[in-house]
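Here is a short briefing on one protein model.

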Amino acid sequence: MHYVDEGPREGEVVLCLHGEPTWGYLFRHLISALSPTHRVVVPDHMGFGKSETPAQRSYWLQDHIDNLEALVLAQDLTGITLVMHDFGGPVGMGLAARHPHRISRIISANGPTPFGQPDLFERVTANAAVSPWFQWIAKAESEGGLETVLGQLGFNILSTLKLNGFENNAIISDSFICAYAAHFARPQDCIGAIGWAKGFAIGAHKFEEPDAAAVRAIRTRPALAIWGEADRTLHAENFLPLFAATFPAGQITRLATTGHYCFEDSPETVTRLIADFLSQT
């Protein structure tokens with residue numbers, strides 16, 4: 001499992017968690033901005049980025065939570081500010097459910113925050129019904145083409161980003177496309193991305209269920225939600241209520257023209273919002 005670890009070891013820990021089909025490169029601007037004052041740890045989930053993609057392993061949500069937990073315990077990370085994008089949200093909240101005492105802040109940036117909310121299943125289902133990405137997953141799985149298409153992410157990475165809601169066309173360059181495509185060079189390199197999509201289609205992902213003590217602890221943590229409202233995959237109306245239910249005192253900032261990949265669409269704005277939140281809490 002590959003991870004970036006930058007900044008002073010005695011500083012607060014900012015743990016950045018990417019989603020589908022990205023990797024730690026997504027947080028390059030945030031790393032530069034925060035590492036002078038904070039310890040910034042950015043893992044690539046297994047099957048993504050520079051982490052290995054073992055053929056014999058599974059890539060369900062619970063596997064990613066297990067992997068992240070192993071990293072956090074191995075490095076004995078405490079005082080953690082979670083920065084979560086896309087499926088980094090469920091992974092990070094899974095860690096928070098298991099180790100609430102290690103978490104000091106929560107930052108959701110177009111990343112869901114499932115934490116045992118009573119309407120979680122209904123909101124996830126409602127979102128899937130209007131999301132082109134989840135509609136495609138269901139159709140591709142039923143027709144037997146999901147592995148074939150996602151097995152070619154090295155060639156169709158840009159169209160996949162666009163399907164999810166990537167708006168900042170000005171930053172597209174050969175190096176940008178290569179950064180996201182290079183780690184999906186062969187079909188066997190894509191099984192992590194396939195697993196994340198397939199897990200939704202077949203119901204293999206298991207959200208971590210926090211106990212009452214974890215819920216009480218996490219509800220007291222400072223929390224910020226940043227949501228690009230041009231997100232075509234994770235709609236604000238479905239997921240911000242989950243955030244508000246868990247963090248009634250949390251801050252919510254909506255970015256009207258920013259898409260799903262808010263760290264790419266509005267890097268300066270998102271970085272500033274996160275830096276300000278860290279300095280104020």
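**Burial and overall build**

Buried residues make up 55% of the 281 residues in the protein. Buried means under 20% relative accessible area, exposed over 50%, and partly exposed in between, with a 1.4 Å probe and protein chains only. This is a predicted model: local features need pLDDT of at least 70, side-chain atom pairs count only at pLDDT 80 or more, and totals for chains, interfaces and linings use all residues. Residues are numbered from 1 along each chain as its sequence is written, and side-chain values use heavy atoms, with hydrogens and water left out.

**Fold and dimensions**

- The protein has 13 helices and seven strands. These are DSSP runs, numbered from the N terminus: helices are H or I with at least four residues, strands are E with at least two.
- The radius of gyration is 17 Å, close to the 19 Å from the globule rule for 281 residues, so the protein is as compact as a globular protein of that length. The radius is taken over C-alpha atoms, and the rule is 2.2 Å times the number of residues to the power 0.38.
- Along the principal axes, the C-alpha atoms fill a box of roughly 45 × 40 × 40 Å.
- Of the contacts with a separation of 6 or more, 79% are between residues 24 or more positions apart. Contact means heavy atoms within 4.5 Å.

**Surface and charge**

- The protein exposes about 11,100 Å², and carbon and sulfur atoms supply 54% of it. Areas come from the Shrake-Rupley method with a 1.4 Å probe; for residues, only the protein chains shown count as cover.
- The mean positions of the 20 positive and 30 negative charges are 3 Å apart. Lys and Arg count as positive, Asp and Glu as negative; His and the chain ends are not counted. Each charge is placed at NZ of Lys, CZ of Arg, CG of Asp or CD of Glu.

**Helix α3**

- Ten of the eleven residues of helix α3 (residues 88-98) are buried, so the helix is largely enclosed by the rest of the structure.
- Among the buried residues are Gly 88, Pro 90, Met 93 and Leu 95.
- Their cover includes β2 (13-17), α2 (61-75), β4 (80-84), β5 (103-109) and α10 (212-219).

**Backbone details in loops**

- A cis peptide bond joins Glu 20 and Pro 21, with omega about -10°. Pro 21 sits in the loop between β2 and α1 (28-34).
- Asp 76 is a non-glycine residue with positive phi, near 50°. Asp 76 lies in the loop between α2 and β4.
- Asn 110 also has a positive phi near 50°. Asn 110 belongs to the loop between β5 and α4 (120-130), and counts as buried at 0% relative accessibility.
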